Amino acid sequence: MNVIKQPNFIIFGKNSINEFNFPADCLIVTSKGAKKRGWLDFLKLKNYYIYDKVEPNPSIEIIDEIISDFSDSNFSHVIGLGGGSSLDVAKFVAFKLKKFKILIPTTFGSGSEVTRISVLKVNGKKQSFHDDGLFADVAIIDPQFLENSSQDVIKNSAIDALAQCSEAYDSKLSNNYTKFLCKKAFDVLENGIMNEKYEDLATGSLYCGLGFGNSSTTLGHALSYVFSNEGISHGHALAFTTTAAHEFNNSIFYNRFYKIVKKLNFKRISLKQNLTEAAELILTDRKHLDNNPQQISKDDIVLLLEKINSDTIFNKI
Ligand SMILES: [Zn+2]
């Protein structure tokens, strides 16, 4: 049996944000730059509450902080506006408060607006929470936010989406429907990056979120978190860990993924932590590893980390 789950309303296309009628009583959850970047002007809200202190890789403590900050405020909807971190926090807050959720990505990689996943740090380590209650009631995907994005944001988001859809295509949890979405996502994202048609990244990331959100990411993501724990951004880590994972898994996407990583010119990364200890931690990530198409041992993981550290993953082609 296969099941597909997604938000009730997915609104997408350029200027969709301008055509949507926002409710009057909203709490906006976003990051510091939201006002400066003019994001709030797009929404044309008259009265709203706002929490604009979400930082990258937020900790779970922020949820209770927001709930207590706005305990006396009256709102029916929570609007998540921003990158994956803002959306993950917004959906978790709304879930706990049983409020409606409107999720609006401004970077296009995590697919958070259409998944039932929220990634938050617990005791300094990233953890992903999965629950149907985390689905948006409305997801609005509007590529006009890409116009003000820096090249760095674009490349980190795009490689995350590319890693997600290609890992999910190979996942043991995949089915024909998710494979169809993931393959289409990869084609659209690849075309967007290689031909610098960045508007395509919004649609590609939407297909990706729907595909991987109904299957799972695998080894590439499992390997990436130890690098994130040392401060390397999610997309930057995946450029290397997913390449290594695709080689290990013999993925049909290995060559194409590799070429995109080369084009985006990511700086090499290196894990400072002891590799055996890192491998032991990675092995506990069963959510990702149990869905990996190939079984993987601690020794295999150490070897992959050594390859990444010595920059030899790209020597094959
Ligand atoms: Zn990811």
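Q: What makes us speak of two domains in this chain?
A: In this predicted model, the domain assignment divides the chain into domain 1 (9-148) and domain 2 (151-309). Their C-alpha centres lie 24 Å apart.

Q: How do you know which residues count as part of the contact between domain 1 and domain 2?
A: Two residues are in contact if their C-beta atoms, placed from the backbone, lie within 7 Å. With that cut-off, the contact takes 18 residues from domain 1 and 24 residues from domain 2. On the side of domain 1 that touches domain 2, strand E7 (residues 125-130) gives the most, with three residues. Sorted by class, that side of domain 1 has seven nonpolar, seven polar and four charged residues.

Q: What makes strand E1 and strand E3 edge strands?
A: Start with the open sheet of six strands, whose order is E1-E8-E5-E4-E2-E3, with parallel pairing. Strand E1 (9-12) and strand E3 (48-51) each pair on one side only, and they are the edge strands. Across this sheet, neighbouring strands are turned by 20° against each other on average, direction ignored.

Q: How do you know that strand E5 and strand E8 pair?
A: Pairing needs at least two bridges between the strands. Strand E5 (residues 100-105) and strand E8 (residues 138-141) have two bridges, so they pair, and they do so in the parallel sense. Have a look at Ile102, which stands opposite Val138 in E8.

Q: Why is helix H5 called roughly parallel to helix H9?
A: The axes of helix H5 (residues 151-170) and helix H9 (residues 234-249) cross at roughly 30° and come within 8 Å. Angles under 35 degrees count as roughly parallel, so H5 is roughly parallel to H9. The crossing of these two helices is left-handed.

Q: Which residues meet where H5 and H9 touch?
A: Among them are Ile159, Asp160 and Ala163 in H5, and Leu238, Ala239 and Thr242 in H9. By class, this contact of H5 with H9 has five nonpolar, nine polar and four charged residues.

Q: What makes strand E6 and strand E7 a pair, and in which sense do they run?
A: Six bridges join strand E6 (residues 117-122) to E7, and pairing asks for at least two, so these strands pair. They run antiparallel.

Q: What lies between E6 and E7 in their hairpin?
A: Two residues lie between the strands of this hairpin, and Asn123 in the turn has a positive phi of about 50°.

Methods:
Residues numbered from 1 in each chain as written. Predicted model: local features only at pLDDT ≥ 70, side-chain atom pairs only at ≥ 80, totals over all residues. Domains from an automatic or database assignment. Helix = DSSP H or I, 4+ residues; strand = E, 2+ residues; numbered from the N terminus. Nonpolar A, V, L, I, M, F, W, Y, C, P; charged D, E, K, R; others polar. Axes fitted to C-alpha atoms, helices over the stretch in contact; angles between N-to-C directions. Parallel < 35°, antiparallel > 145°, perpendicular 65-115°, else oblique. Left-handed = near helix turned anticlockwise from the far one by under 90°.
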